[in-house]
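Please look over the model below before reading the notes that follow.

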Amino acid sequence: MCQADSRPSRRAFLGATGTVTAVGLSAGCQSSSAPPDRSDAPAPTPPVSAVGRHQAGITLPQPAQRNLLAVVADLVDEVPVRPLLAELGEAIRTLTAGTDARLMGLPPGDLTVTIGVGPRLVRTVDPALPGAKDLPRFSRERIASRARGGDLLIQICAGDALVVPVVTAALLGQAGDRIRERWRQSGVRGANVPVDRGRAAPRNLFGFVDGIVGPHTRAEQERDLWLSGPAPVADGTLAVLRRMELDLPRFAKLSVAEQEAVFGRRRATGVPLSGGPIASGPDLGAKTPDGRYLVPADAHARRAHATAVGVGLMLRRSYSIDGAAPGLLFMSFQNDIRTFTNTLTHMDNSDALLEFTTTTASATFLILPGFDEERPLGSRLFR
């Protein structure tokens, strides 16, 4: 199993325990006639509904939660898919509602759980359905066999880091021996930078604002994000996961101007090298007086640009990771897998950013349509 998560040190645990003990002792000495002053207590995090037309954890909440754990697993032998998904959906409803005893008393806050099924399972229903195709192989990959593909994606996101492992244990316990874990990866979102009215994007480990361009309006999402048919997959989407190691030491040796030329945007502000606001896409035709492109020919902002590739927009919800090597869990959501494959093929040819990345895990999943009490998770696809 490929796993990049680290355990907290004994010293950190004892430090945290000591803090809790001290708080408990001071609370115990408080006069019963003087209730604690809670004026400085943070407001509770608003919950995110688990039910509806689409699954949560893709466009909601906005901005995305700080903490994530993605678990990729296989179904064991001939395990029936429908009852497993229905059970997971019911567990997600009770966990996100805060009524599940397995939360160990923790408030769920903005917890979301998103479930996807891999190409092998989709093909058992209909090989022509969206999500039935495996990802091709690309350059700059160093992927072990267990870190490629998979039958089931469980994506858990929350603002409270403690909630993530507790919910993970509950869901994996619910699945029991019906699934076999392939790999898992935790990640953290960097500080958010305002991008547009009501919208923000995080910085990545390279120091640049990540995921600025995407299908953010409702019209763009209906066009490029959500599947519109056939009926069994309508209102779902297609996810791509790519875990990448980043060569931070080599990138850090570049000057700021050289780093900006790699990305095609200003590091400090996120604005395109061609000018304009941060939320705008780069002007690929803009040139200097002597005829040079303001956004270099091999800049990431040019090579991955939807217009340059000839595809729709992809929604990115990526997380930075810290393991044996620093990296990124790249996640994109789109309603046509060619949006991703054609973009990466276009980047493979001459994207300056790829020289600093090595992909160590890769998978694609059909994110199932939304569900509720009357319509269990996965029931439209697996009848």
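**Briefing on the predicted model**

Q259 is a residue of helix α7, which runs through residues 256–263. The model is a predicted one, and the points below are grouped by topic.

**Q259 and its surroundings**

- With a relative accessible area of 4%, Q259 counts as buried, because that value is under the 20% limit.
- Once neighbours within four places in sequence are left aside, the contacts of Q259 are with F208, F251, A252, L254 and R267.

**Helix α4**

- Helix α4 covers residues 163–175, and its 13 residues should span 18 Å at 1.5 Å a residue, which agrees with the 18 Å between its end C-alpha atoms.
- The residues of α4 that are buried are V163, V164, V166, V167, T168, A170, L171 and A175.
- An α-helix has 3.6 residues a turn, so residues three or four places apart point the same way.
- The cover over the buried residues of α4 includes the strands β2 (67–75), β3 (112–117), β4 (152–158) and β5 (179–188), together with helix α2 (81–97).
- G176, which comes just after α4, takes a positive phi of about 60°.

**The chain as a whole**

- Ten helices and twelve strands are found in the protein chain, and of its 383 residues 50% are buried.
- Among contacts in the protein chain with a separation of 6 or more, 75% are between residues 24 or more positions apart.

**The largest pocket**

- The largest pocket holds about 980 Å³ of space, and its lining is made up of 49 residues, with D210, H300, A304, R316 and F330 lying nearest its centre.
- At least two lining residues of the largest pocket come from each of β8 (237–246), α8 (300–303), α9 (306–309), β11 (327–334), α10 (337–350) and β12 (357–367), and α10 gives the most, with five residues.
- Sorted by class, the residues lining the largest pocket are 24 nonpolar, 16 polar and nine charged.

**The cavities**

- Three cavities of 30 Å³ or more are present in the structure, and the largest cavity has a volume of about 160 Å³.
- The lining of the largest cavity consists of 17 residues, and those nearest its centre are Q62, R189, A200, L315 and R316.
- Two or more residues of the lining of the largest cavity are given by each of β7 (199–202) and β9 (315–316), and the largest share, four residues, comes from β7.
- In the lining of the largest cavity, eight residues are nonpolar, four are polar and five are charged.
- The second largest cavity contains about 80 Å³ of space, and it is lined by 13 residues, of which R189, P202, D210, S318 and Y319 are nearest its centre.
- By class, the lining of the second largest cavity comprises three nonpolar, five polar and five charged residues.

**Residues named for more than one space**

- R316 is among the residues nearest the centre of the largest pocket, and R316 is also among those nearest the centre of the largest cavity.
- D210 is likewise listed nearest the centre of the largest pocket and nearest the centre of the second largest cavity.
- R189 is named nearest the centre of the largest cavity and again nearest the centre of the second largest cavity.

Conventions. Residues are numbered from 1 along each chain as its sequence is written. This is a predicted model: local features need pLDDT of at least 70, side-chain atom pairs count only at pLDDT 80 or more; totals for chains, interfaces and linings use all residues. Side-chain values use heavy atoms; hydrogens and water are left out. On a 1 Å grid over the protein atoms alone, a cavity is a set of points where a 1.4 Å probe fits but cannot get out, and a pocket is an open set with protein on both sides within 12 Å along at least five of seven lines; lining residues have an atom within 4 Å of a point. Grid points are joined across faces, edges and corners, and a volume is the space filled by probe spheres set on the points. Ala, Val, Leu, Ile, Met, Phe, Trp, Tyr, Cys and Pro count as nonpolar, Asp, Glu, Lys and Arg as charged, and the others, Gly among them, as polar. The expected span of a helix is 1.5 Å times one less than its number of residues. Buried means under 20% relative accessible area, exposed over 50%, partly exposed in between (1.4 Å probe, protein chains only). Contact means heavy atoms within 4.5 Å.
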